[in-house]
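Here is a short report on strand pairing and core packing. Have the sequence and coordinates at hand.

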Amino acid sequence: MTGHFALTTMPAWPSKTERCLPKLATQIRGLILTIGAAGLLMTAPSNAAQMMPTLLSGEFGDERLILAADRESNSLSGYYRDGECRVLMKGKLQPVAQYQRAELGESYEVQSWDPRNPDATFTTTLYSRARGSFNDQITIEPGPDDAKRPPACRWRVSLDRSGHVGISLIGTAVVARSNLQLFKMAETGNAMRLVAMGKASLTRDTGVWITKTYDAAWAPPGFTEIHWYDPPGTPHGGYVRTRDLHLPRAIEQAPAKTLFCMVLVDGNFAQLGECASANSDGTYTVAASTLRQLDFDRHGLAVIFIRDEGYAHVRRDGRALVVLTFDSGPDEFIGGLVRVKIGDKFGFANRRLKLVIPADYDGAYRFNGKRAWACTGCVLTSDGEHSWFSGGEAVCLDQRGRRRPAPECE
């Protein structure tokens, strides 16, 4: 099957459905889950502001260093292990002036500590690889000239990239003990519950990725969702008890920014003023004063337009999710599901605005019957009038998000 996805986030919509299945180019290896496109963290400082950032998320040096960039909080967490040298790091990343010139790459400092001695903090310096170099590379200096740095750590090490991570993987953690009990989420009626899966094939001090949780139903208290690969190319994941991990310290969040909203009345937009604030899980909260101005349908939903974000479906309690734009309007529910956008990813939610299919895809198409196309590794393409996603790998999904044979989506 060749062609391209006819997907859009712009007012116009192509009438012809087209799809493609190019090979996904991402290589996956090591114990760290590395999926999708690289996560670009932030713009380069000062005179390099217009250049593509070079400090990227990923796995470096044959699993010795993993870095996870969270673009929403403008932060980075990571874990570095080199023999007995163990460095867990997390913090806001502000560019710093170092020996590397800004036009070549970035230099950052981040708070760090040995997970076995969390009270002894020190500063780790990271240098991104030079622009245009053959390999993506990170140079790490764990606490140079700092008395609290782990004595087993070398002063400076340069490591080549061996894998990338996707935007849904926002942090790192360190396994505190071997043979953790692994759990999975199971749906029972309208509720989600944890079911034991046996022991996780992890050894103590293994670095793992933490997944962003988009819906409260998938965030049971006291548990963290993790992912890893063992052996290389074989994916594993599930929930473990948070107490069984050495987690990085939380980062202080900036106050939520209030976003300007409008509502469509008789074909014209009416201003609602600043009415919505973004939440860390990708949802939005609409002010009570605005809710009183909306007309809710029989499903208890209304539609608003959030400036710079797009159309959103809103519940009576103020919970809102941004949806794709279809024919100059908000995407509609097909078979009880609607396409939603969380950050740069796409998934499907039901009429309660609960994510039924997590936002793990770079593009998605409406359901046709009980099947829908989605794609990973695809990019938005436009001809000036219409927009669609092209490239990457197309997958056929059922209404529970399970992958189905491609002919079922024909």
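In what order do the three strands of the open sheet stand, and is the pairing parallel or antiparallel? The order is β25-β26-β27, and the pairing is antiparallel.

## Basis

This is a predicted model: local features need pLDDT of at least 70, side-chain atom pairs count only at pLDDT 80 or more, and totals for chains, interfaces and linings use all residues. Residues are numbered from 1 along each chain as its sequence is written, and side-chain values use heavy atoms, with hydrogens and water left out.

## Three-stranded sheet

Strands are DSSP runs (E, at least two residues), numbered from the N terminus. Two strands pair if DSSP finds at least two bridges between them.

β25 (338-342) and β27 (355-361) are the edge strands; each has a single partner strand, so one side of each lacks a neighbour in the sheet. β25 pairs with β26 (residues 345-349) over five bridges, in the antiparallel sense. Val338 has Ala349 in β26 as its bridge partner.

## Four-stranded sheet

Another open sheet runs β28-β29-β32-β33, again with antiparallel pairing. β28 (363-364) and β33 (403-404) are its edges, each pairing on one side only.

Inside, β29 (residues 372-376) and β32 (residues 393-397) run antiparallel, joined by five bridges. Trp373 has Cys396 in β32 as its bridge partner.

## Nonpolar core

A nonpolar core is a set of buried Ala, Val, Leu, Ile, Met, Phe, Trp, Tyr and Cys residues joined through side-chain atoms within 4.5 Å. Buried means under 20% relative accessible area (1.4 Å probe, protein chains only). The largest core has 18 residues; Cys261, Val286, Leu294, Ile304 and Ile306 touch the most other members.

How values were computed
Buried means under 20% relative accessible area, exposed over 50%, partly exposed in between (1.4 Å probe, protein chains only).
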